[in-house]
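Subject: Structure handover

Hello,

Here is the structure I promised to pass on.

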Amino acid sequence: MTNPENSAPNGAIVAVSGTDTGGAVQDLAGMYAGRTWYSSPVDHDYWYKYVGVGDDRMSIRRSQMHGYLRGDVAVEGEVVVQWIDAGRARVDVGRDEVRMEPGVPTLFPIERRFEMEYENWDQRLVHLDRDLVLDVAREQYIVDGTLAFDRSTPPSTTAVHDWRGSVAGAVRALRTEGQQSLAWHEAQRDVVRSLFGLYRLQAEVQPEGYGERRNTRVRKAVEFLHEHAGEPLTVSDIAQAADLSVRALQESFQRTLDRTPMNYLREVRLRQVHADLVAAEPGTASVAEIASRWGFSHMGRFSGEYLRRFGEYPRRTLRQ
């Protein structure tokens with residue numbers, strides 16, 4: 001077993017390896033907040049290797065093991081995409097289970113604990129900082145600080161090709177230009193853009209003209225709504241924050257976003273409730289508590305709106 005901090009070769013940010021199961025659990029579980037990990041040999045030749053290069057905004061990693069590993073994973077503050085080149089792997093075992101196929105990228109569930117199982121694998125992973133993903137998302141989406149992807153639709157062949165190309169380009173930029181280079185930072189953003197091609201981000205696409213100067217005050221109102229969505233707001237509060245009259249605010253929202261400010265606020269709150277329900281540990285919170293936190297007081301009406309928006313009742317999201 002090696003020390004992740006003191007033995008990283010060739011500029012790697014982490015590098016561990018070994019030949020015993022206890023060392024594998026100790027070395028690897030800490031990287032993924034694992035709590036109930038188990039590893040065992042599949043024959044007399046047991047070994048593992050894990051190495052990663054990059055920085056705290058994006059890292060590209062390779063994980064290998066001749067052996068068996070299972071356990072729970074929780075990734076916080078990051079978006080992680082993985083694929084296997086060899087071996088057997090299952091992710092989100094017992095829930096939205098994905099049996100991984102060689103070469104097909106799979107997105108880790110976002111900000112919730114899940115089960116995984118691997119055997120005799122050669123795995124690649126890309127870790128992306130959450131703030132980097134949100135920053136790039138703002139180029140084409142109206143984001144509210146939450147991250148959710150549609151993992152139900154497998155990525156297309158073209159999207160996988162673009163993803164692999166962007167990751168390969170990032171590795172070249174890192175090796176030739178270094179961590180401080182503009183090429184490396186631009187390559188990071190290209191990888192995030194290709195991520196949006198793999199899995200659809202569940203956020204509103206910016207309408208045409210949203211970024212133009214004439215919509216500056218609408219954008220200011222939208223930013224205010226996102227920052228204060230958990231507070232009791234009136235349309236007058238929103239108009240004042242955007243330096244508009246109530247009538248001008250209503251007209252601007254209708255023209256630009258095709259809805260009223262209060263309808264937009266309700267959608268933001270629903271997304272925030274959904275994100276909190278997904279992230280909540282079972283038994284630590286209730287639907288009523290989380291809904292109330294985001295301004296919903298009538299549980300029957302809220303449950304109906306939630307069902308129409310997400311296709312399931314909030315208690316089911318929390319229970320899963």
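Predicted model: local features only at pLDDT ≥ 70, side-chain atom pairs only at ≥ 80, totals over all residues.

Residues are numbered from 1 along each chain as its sequence is written, and side-chain values use heavy atoms, with hydrogens and water left out.

**Whole chain**

The protein chain has 11 helices and 10 strands. These are DSSP runs numbered from the N terminus: helices are H or I with at least four residues, strands are E with at least two. The C-alpha trace spans about 75 × 45 × 35 Å along its principal axes. Of the 320 residues, 48% are buried. Buried means under 20% relative accessible area, exposed means over 50%, and partly exposed lies in between (1.4 Å probe, protein chains only).

Take contacts between residues at least 6 apart in sequence: 68% of them join residues at least 24 apart. A contact means heavy atoms within 4.5 Å.

The chain exposes about 15900 Å², and carbon and sulfur atoms supply 47% of that area. Areas come from the Shrake-Rupley method with a 1.4 Å probe; for residues, only the protein chains shown count as cover.

**Pocket and cavities**

The largest pocket has a volume of about 870 Å³. It is lined by 33 residues. Nearest its centre lie Ala148, Phe149, Gln202, His274 and Val278. Two elements give two or more residues to this lining: helix H8 (261–279) and helix H10 (299–310). H8 supplies the largest share, seven residues.

The search used a 1 Å grid over the protein atoms alone. A cavity is a set of points where a 1.4 Å probe fits but cannot get out; a pocket is an open set with protein on both sides within 12 Å along at least five of seven lines; lining residues have an atom within 4 Å of a point. Points are joined across faces, edges and corners, and a volume is the space filled by probe spheres set on the points.

Two cavities of 30 Å³ or more turn up in the whole structure. The largest cavity holds about 140 Å³ of space. Its lining has 13 residues, with Tyr32, Trp37, Met116, Tyr118 and Gln123 closest to the centre. Strand E4 (58–73) and E8 each give two or more residues to it. E8 gives the most, five residues.

**Helix H2**

Why is helix H2 largely enclosed by the rest of the structure? Six of its eight residues (130–137) are buried. They are Arg130, Leu132, Val133, Leu134, Val136 and Ala137. These residues pack against strand E5 (78–91), strand E8 (114–129), strand E9 (141–142) and helix H4 (182–198).

Gln64 sits in strand E4. Gln64 is buried, at 18% relative accessible area. Leaving out residues up to four places away in sequence, Gln64 touches Trp47, Tyr48, Lys49, Trp121 and Asp122.

Asp92 lies in the loop between E5 and strand E6 (98–99). Is Asp92 buried or exposed? Its relative accessibility is 1%, so Asp92 counts as buried. With residues up to four places away again left out, Asp92 touches Glu97, Pro109, Arg112, Phe114, Glu115 and Arg151. Val73 is 19 residues from Asp92 in sequence, and their C-alpha atoms are 9.2 Å apart.

Best wishes
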